[in-house]
Amino acid sequence: MRIGIEAQRIFRKNKHGMDYVVLQEIKELQRIDKENHYYVFVSPGEDVCLESSQNVHIVELKCPSYPLWEQWVLPRAIKKYGVELLHCTSNTAPVFCNIPLVLTLHDIIFLEPRDKQNRSLYQNMGWLYRRLVVPRILKKCRRIITVSNFEMENIIQKLNIPRERMAMIYNGYNEWFKPLQLPNIQADESSLCGYFFFLGNTDPKKNTERTLVAYARYLEQSTIKRPLLMADFDRSYLDDIIRRNNIEHIRKHIHMPGYIDNSQLPLVYNRAFAFLYTSLRESFGIPLLEAMACGLPVITSNTSSMPEIAGKDAILVNPESIDEITKMMLLLETDSTFYNRQRALGLERVKLFSWKQTAEQLLQLYREIL
């Protein structure tokens, strides 16, 4: 088979969720499948994180615009290389495609009402592009892959997609996420450790404001007053939240190191005390797996896919309840038995997920179609 995989943004330096998903899928397919030929279409970038092999061919396509790259340049490359099946991996695909099409639709948040407080031009343009493109391509897809049972049922119900055209394939996590031996960490006063770790951004669905208010209340009640580490976060957005909620006292406890490369995250997780993943909505949540695989207790939400991924015995809170988030932060700090039980539950839970399993299911799907 000659299989095309759209992976436009995997060579960019600051990768995000969908970039890591397709990158790991390709690496695992490259490892397990020596029979079929793969043509991986990417935009040029400074982080060349994938190399061609005997049957995996990296094809760089230059174009300054994401929509033009996908709608104009990609279809011509497909024809040039004789691709028999195209897998588009990041929610959208060419509107005009005359070969079998597989689409990974991570979520359908773009169909939900847009929060007017979101001022990110990048996020708003992406939302608009998906609203224009996705309805036009769904009928052309041989299979629509999504990443959790929650999201699959959501797509079937809201888009009226026949169940037989859907496929649910879980994401995995990288093997370097594991408990690390850090014997000197407590002695090194220059190393931040024992903190709460929060991954959020300016998207309102990440629930950043409530989480920060919950942290403020934690500081008021805790005798330890652990720091809060916030990765890849906009400082002006933080300032707005602090000013609006009159929680200036949290500022000196917050550390903002900027973007953290995926290869550095295991150390960040291992140095943390607990992980806060209190989103209002997620289609999967790879950071949940990464944190649990490092032996880190997780406070996450009881909504959307998060109970499905973290498990029914995880710390599941109502993300709209600031008091619930605060209560669980304090409980982890004051009850060592509870803390250690959550740590053990997470280490066991992640055994259900792997990139190898993800790639094997993808390969089986490609074979069924062709």
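Predicted model: local features only at pLDDT ≥ 70, side-chain atom pairs only at ≥ 80, totals over all residues.
**Close-up 1. Strands β8, β11 and β12.** Strand β8 (residues 195-199) runs parallel to β11, and 4 bridges join the two. Strand β12 (residues 298-301) is also parallel to β11, joined by 3 bridges. Leu276 of β11 is the bridge partner of Phe198. In β12, Leu276 has Ile299 as its bridge partner.

**Close-up 2. The β-α-β unit.** Helix α8 covers residues 286-293. Together with β11 and β12, helix α8 makes a right-handed β-α-β unit.

**Close-up 3. Aromatic rings around Tyr269.** The count of aromatic pairs comes to 17. In one of them, the ring centres of Phe197 and Tyr269 lie 5.4 Å apart; the planes meet at 70°, so the pair is edge-to-face. This pair links distant parts of the chain: Phe197 sits in strand β8 and Tyr269 in helix α7 (residues 265-271), 72 residues apart. Phe197 and Tyr269 are both buried. Tyr269 also pairs with Phe275: centres 5.5 Å apart, planes at 80°, so again edge-to-face. Phe275 is buried, as is Tyr269. Ring pairs link Trp176, Phe177, Phe197, Tyr269, Phe275 and Tyr277 into a cluster.

Close-up 4. Met125, Leu128 and Leu132 make a nonpolar surface patch of about 280 Å². Leu128 belongs to helix α3 (residues 121-137). Its relative accessible area is 41%, so Leu128 counts as partly exposed.

Conventions. Residues numbered from 1 in each chain as written. Heavy atoms only, no water. Patch = residues over 30% accessible without salt bridge, like charges linked within 9 Å, V, L, I, M, F, W, Y side chains within 5 Å. Areas by Shrake-Rupley, 256 points an atom, 1.4 Å probe, with all protein chains shown as cover. Salt bridge = Lys/Arg side-chain N within 4 Å of Asp/Glu carboxyl O. Buried < 20%, exposed > 50% of the residue type's maximum accessible area, 1.4 Å probe, protein only. Pairing = 2+ DSSP bridges. Right-handed = clockwise from strand over helix to strand, strands pointing away. Phe/Tyr/Trp six-rings, centres within 6.5 Å; stacked < 30°, edge-to-face > 60°.
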